Amino acid sequence: MSETGTGDRAGGAAAPITDYDIHRILKALPHRYPLLLVDRVKALHLGERIHAVKAVSMNEEFFQGHFPGAPIMPGVLQIEALAQAAAILGIETLELAGTGKLVIFMGIDGAKFRSPVTPGCLLDLEVEFLQQRRTIYKFKGRASVEGKTTCETEFTAMIADPPSD
């Protein structure tokens with residue numbers, strides 16, 4: 001990344017942001033219940049990577065219909081959680097929090113689901129920047145529970161203005 005607010009790799013890594021609570025998440029993302037899938041950010045390295053967490057609870061609406069009696073978090077929602085973590089990384093790196101700008105999915109590549117996610121888990125979301133071209137960004141994401149990979153994928157997204165009414 002470069003001088004445009006996307007991190008300074010050549011000048012040494014800056015200390016990660018670790019005091020990133022739900023209030024900052026709500027400022028960065030437009031998502032709200034029931035689709036807000038990031039509960040906390042453990043470490044945010046501007047222009048590089050993010051480690052966020054989703055506390056998976058039996059109270060999630062999707063568990064009512066996704067295998068009643070044997071609840072499993074849908075894989076597509078794991079990818080959405082990774083995308084939301086990536087959005088926080090992008091919004092904070094580009095200093096766009098509070099501007100109304102959106103980070104919109106463009107593509108998902110090579111998604112693999114390795115292990116189920118069940119109620120009571122803490123889902124770790126690790127996302128890193130891979131590439132930038134203008135307002136298009138490519139990310140690599142990995143979701144895991146207690147170090148065991150549950151989902152991994154690469155995806156692209158773009159920074160955009162919200163739809164007009």
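**Buried residues, core and cysteines of the predicted model**

Glu48 is buried, with a relative accessible area of 18%; buried means under 20% relative accessible area, exposed over 50%, and partly exposed in between, computed with a 1.4 Å probe on protein chains only. The structure is a predicted model, in which local features need pLDDT of at least 70 and side-chain atom pairs count only at pLDDT 80 or more, while totals for chains, interfaces and linings use all residues. Residues are numbered from 1 along each chain as its sequence is written, and side-chain values use heavy atoms, with hydrogens and water left out.

Glu48 lies in the loop between strand S1 (40–45) and strand S2 (49–55). Helices (H or I, at least four residues) and strands (E, at least two) are DSSP runs, numbered from the N terminus. The side chains of Glu48 and Arg49 are joined by a polar contact of 3.0 Å. A polar contact is a pair of N or O atoms within 3.5 Å; within protein, one must be able to donate a hydrogen and the other to accept it, and residues adjacent in sequence count only if both atoms are side-chain atoms.

A second polar contact, of 2.7 Å, joins the side chains of Thr149 and Arg142. Thr149 is part of strand S6 (residues 148–160). Not counting residues up to four places away in sequence, Thr149 touches Arg114, Ser115, Arg142, Ala143 and Ser144, where contact means heavy atoms within 4.5 Å.

The largest nonpolar core has 42 residues, of which Ile88, Leu125 and Phe139 touch the most other members. Such a core is a set of buried Ala, Val, Leu, Ile, Met, Phe, Trp, Tyr and Cys residues joined through side-chain atoms within 4.5 Å. Its largest share, 11 residues, comes from H2. Leaving aside neighbours within four places in sequence, the contacts of Leu125 include Leu37, Ile50, Ala81 and Arg142.

Helix H2 has 19 residues and reaches 27 Å from its first C-alpha to its last, close to the expected 27 Å; the expected span is 1.5 Å times one less than the number of residues. Of these 19 residues, 18 are buried, so H2 is largely enclosed by the rest of the structure. Glu95, which follows H2, has a positive phi, near 55°.

A disulfide is a pair of cysteine sulfur atoms within 2.5 Å, and by this rule the count is zero. Cys121 is in no disulfide, as the nearest cysteine sulfur, that of Cys151, is 14 Å away. This distance is too far for a bond. Cys121 is buried, with a relative accessible area of 15%, and Cys151 is buried at 0%.
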